[in-house]
Amino acid sequence: MVRRCTRFTSVVVFLVGCAALVSVINVRELSVTLKTKLRVAKLSFGAASGLNNEKRTCDPRSRNERNGRNCNDKPPNVIRGLTYKSRGNVSLELCQAVPDLLVGRLIINFVAALKSPPPPALQDVSPGGTWSPKNCVATQRIAIIIPFRDRQKHLDILAYYLVPVLKRQEVAFRIFVVEQYGNKTFNKGRLMNIGFTEARKYDEFDCFIFHDVDLIPEDDRNMYTCSENPRHMSPAVDKFKYKLPYKGLVGGVLSFRSNHFTKVNGYSNLFWGWGGEDDEMYHRLTASKITLLRTPFETGRYKMIKHGRKGGTSPFRWKLLKTLKKRLKKDGLNTLEYKLVETRLEKLYTRILADVGDPANDSDRLSALLA
Ligand code: BGC
């Protein structure tokens with residue numbers, strides 16, 4: 001009788017033990033699932049800003065020695081751009097918001113960049129200037145839009161430094177050079193609006209980065225991805241002693257999600273000649289109640305390539321700025337006119353040659369506005 005009782009007790013203890021083990025496993029699974037969900041949510045709602053220091057929990061390149069988890073254990077997710085990819089038997093994870101490959105401060109030498117052979121990183125960019133990481137799925141697809149005319153050397157230097165940075169940042173990118181056709185006065189605002197409009201014919205980009213051709217990034221921790229809000233990526237330029245010369249400066253390098261760029265109606269089309277279109281963008285953001293972010297000075301550093309300025313400054317830029325409220329809804333993306341002269345898929349860029357028209361055609365409109 002005593003022996004039977006003991007056997008019965010051991011069976012009960014064994015069963016209770018099993019039940020406890022199963023519930024512990026369930027709790028662990030639940031917590032892994034929750035953690036994964038949180039991570040996906042975090043990535044889609046802000047970590048991609050590049051200002052976040054999250055490390056990946058699984059590294060397909062290092063076969064996960066670091067944390068003992070296998071990338072293939074991850075459940076699939078469904079958010080566009082964040083889906084795990086399968087290539088053969090390999091399941092790819094999202095790229096890190098801040099990849100391990102980053103090196104921080106860069107040494108920039110314009111002369112060396114022009115004389116040296118192209119760095120290996122420039123070799124496997126596909127025609128049209130597109131690339132995406134091979135070992136993970138990029139958190140964002142970005143379009144770099146460079147308004148351009150007659151500055152091929154600057155473009156060469158920019159590509160020399162920027163392409164390797166983008167690759168280390170593991171973003172999927174396409175570079176658009178939007179070149180003004182002919183020799184009429186330069187209109188940078190129009191070129192940037194054209195870049196945005198044309199780029200959308202190529203891909204569903206998550207992020208648009210408007211980039212001056214003469215600004216070279218000095219720190220690869222300044223992520224070329226979009227935050228939730230527009231971000232001025234170049235607050236610290238050597239020409240201005242790495243300080244912001246005035247509060248409303250958003251020129252240089254500026255990132256936008258498409259909803260915000262559309263909300264401010266893009267750039268004005270009316271700034272002919274150098275300067276002002278970016279100052280107005282600051283006011284477009286304020287008028288549209290969109291908060292502007294800035295990369296911290298520590299990493300938002302750029303070197304400017306020195307050059308003379310062809311063509312004059314925008315003649316009525318200060319007066320024009322005062323008329324913004326009247327124009328915001330009637331001057332911008334929704335009134336953009338241009339002729340697409342040619343599109344060329346070059347080794348490192350999609351070159352868009354566009355005729356932006358003649359300032360003489362705007363003179364009546366400008367006189368009416370400025371009267
Ligand atoms: C111009 C801007 C320019 C800034 C920095 C200002 O005077 O209006 O267009 O970005 O200077 O060069």
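**Helix α4**

Helix α4, residues 188-199, has 12 residues and reaches 16 Å from its first C-alpha to its last, close to the 16 Å expected at 1.5 Å a residue. That expected span is 1.5 Å times one less than the number of residues. Helices here are DSSP runs of H or I with at least four residues, strands are E runs of at least two, and both are numbered from the N terminus.

A word on the source. This is a predicted model, where local features need pLDDT of at least 70 and side-chain atom pairs count only at pLDDT 80 or more, while totals for chains, interfaces and linings use all residues. Residues are numbered from 1 along each chain as its sequence is written, and side-chain values use heavy atoms, without hydrogens and water.

Is α4 enclosed or open? Of its 12 residues, 11 are buried, so α4 is largely enclosed by the rest of the structure. Buried means under 20% relative accessible area, exposed over 50%, partly exposed in between, with a 1.4 Å probe and protein chains only. Among the buried ones are Leu191, Ile194 and Phe196.

Now the loop residue. Val103 sits in the loop between β2 (90-92) and α2 (110-115). Val103 counts as exposed, because its relative accessibility is 54%. Its C-alpha is 8.0 Å from that of Asp219, 116 residues away along the chain. Beyond neighbours within four places in sequence, Val103 is in contact (heavy atoms within 4.5 Å) with Arg168 and Asp220.

Last, the lining of the largest cavity: α4, β6 (207-211) and α6 (277-287) each supply at least two of its residues.
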